[in-house]
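Subject: Model for you to look at

Hi,

Here is the model I promised to pass on. Please open it first, then read my notes below.

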Amino acid sequence: QVQLVESGGGSVQSGGSLRLSCTASFSGYTYFEYFMGWFRQVPGKEREGVAAINDGGRINYADSVKGRFTISQDKAKNTVYLQMNSLKPEDTAMYYCAASSSHIWWSQLLDSHEYKYWGQGTQVTVSS
């Protein structure tokens, strides 16, 4: 069983920064065997992959956030981060952390269907 708890959302002006955190508690597997990702969703739209990291540390970013967002992990703290810089109003969404204990090919890391475990979400609002 996996529990994911996100934090760090909030409201910022365009051009600002936020850092999201996702702390995981695991049973059975150790953290480094999991694939972790950040997704976002706005009402009426499908959940969109933002950034994800595989068990080897390889990362995949959505084109819309490349150069602005950075995913990182602290395995000692069982925590994955999403540093979001140069935020835009179109980044406004509910952000979710996700985890999978099953292998995910790098090209599929941003596919929400590959993930079994989800956090409750944290809201990010960017005003112009």
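Strand S7 and strand S8 (residues 79-84) run antiparallel and are joined by six bridges. Strands here are DSSP runs of E of at least two residues, numbered from the N terminus. Two strands count as paired if DSSP finds at least two bridges between them. Within this pair, Ser72 stands opposite Tyr81 of S8.

A word on the basis of all this. The model is predicted: local features need pLDDT of at least 70, side-chain atom pairs count only at pLDDT 80 or more, and totals for chains, interfaces and linings use all residues. Residues are numbered from 1 along each chain as its sequence is written, and side-chain values use heavy atoms, with hydrogens and water left out.

The sheet

S7 and S8 belong to an open sheet of four strands. The order is S1-S3-S8-S7, and the pairing is antiparallel. Strand S1 (2-7) and strand S7 (69-74) are the edges, each pairing on one side only. Neighbouring strands are turned by 15° against each other on average, direction ignored. That angle is between axes fitted to C-alpha atoms, on a scale from 0 to 180 degrees between N-to-C directions.

Asp91

Look next at Asp91, in the loop between S8 and strand S9 (93-100). Is Asp91 buried or exposed? Asp91 is buried, with a relative accessible area of 0%. The classes are buried under 20%, exposed over 50% and partly exposed in between, with a 1.4 Å probe and protein chains only.

Leaving aside neighbours within four places in sequence, Asp91 is in contact (heavy atoms within 4.5 Å) with Arg40, Arg68, Phe69, Ser86, Val124 and Val126.

The salt bridges

The count comes to four salt bridges. The rule asks for a side-chain nitrogen of Lys or Arg within 4 Å of a carboxyl oxygen of Asp or Glu.

Asp91 forms one with Arg40, the closest N and O atoms being 2.9 Å apart. Asp91 lies in the loop between S8 and S9 and Arg40 in strand S4 (residues 35-41), so this pair ties together parts that are 51 residues apart in sequence.

Asp91 also meets Arg68 in a salt bridge, at 2.7 Å from N to O. Arg68 sits in the loop between strand S6 (59-61) and S7, so this pair ties together parts that are 23 residues apart in sequence. Both Asp91 and Arg68 are buried.

Arg40 has another salt bridge, to Glu48 (2.8 Å, N to O). Arg40 is buried, at 7% relative accessible area. Glu48 is partly exposed, at 32%. Taken together, Arg40, Glu48, Arg68 and Asp91 are linked in a network of salt bridges.

Around Arg40

Which side chain joins that of Arg40 in a polar contact of 3.4 Å? The side chain is that of Ser64. A polar contact is a pair of N or O atoms within 3.5 Å; within protein, one must be able to donate a hydrogen and the other to accept it, and residues adjacent in sequence count only if both atoms are side-chain atoms. Arg40 also makes a polar contact with the side chain of Asp91 (2.9 Å), through its own side chain.

With neighbours within four places left aside, the contacts of Arg40 include Glu46, Arg47, Val50, Val65, Phe69, Met94 and Tyr95. Phe69 is also among the contacts of Asp91.

Best wishes
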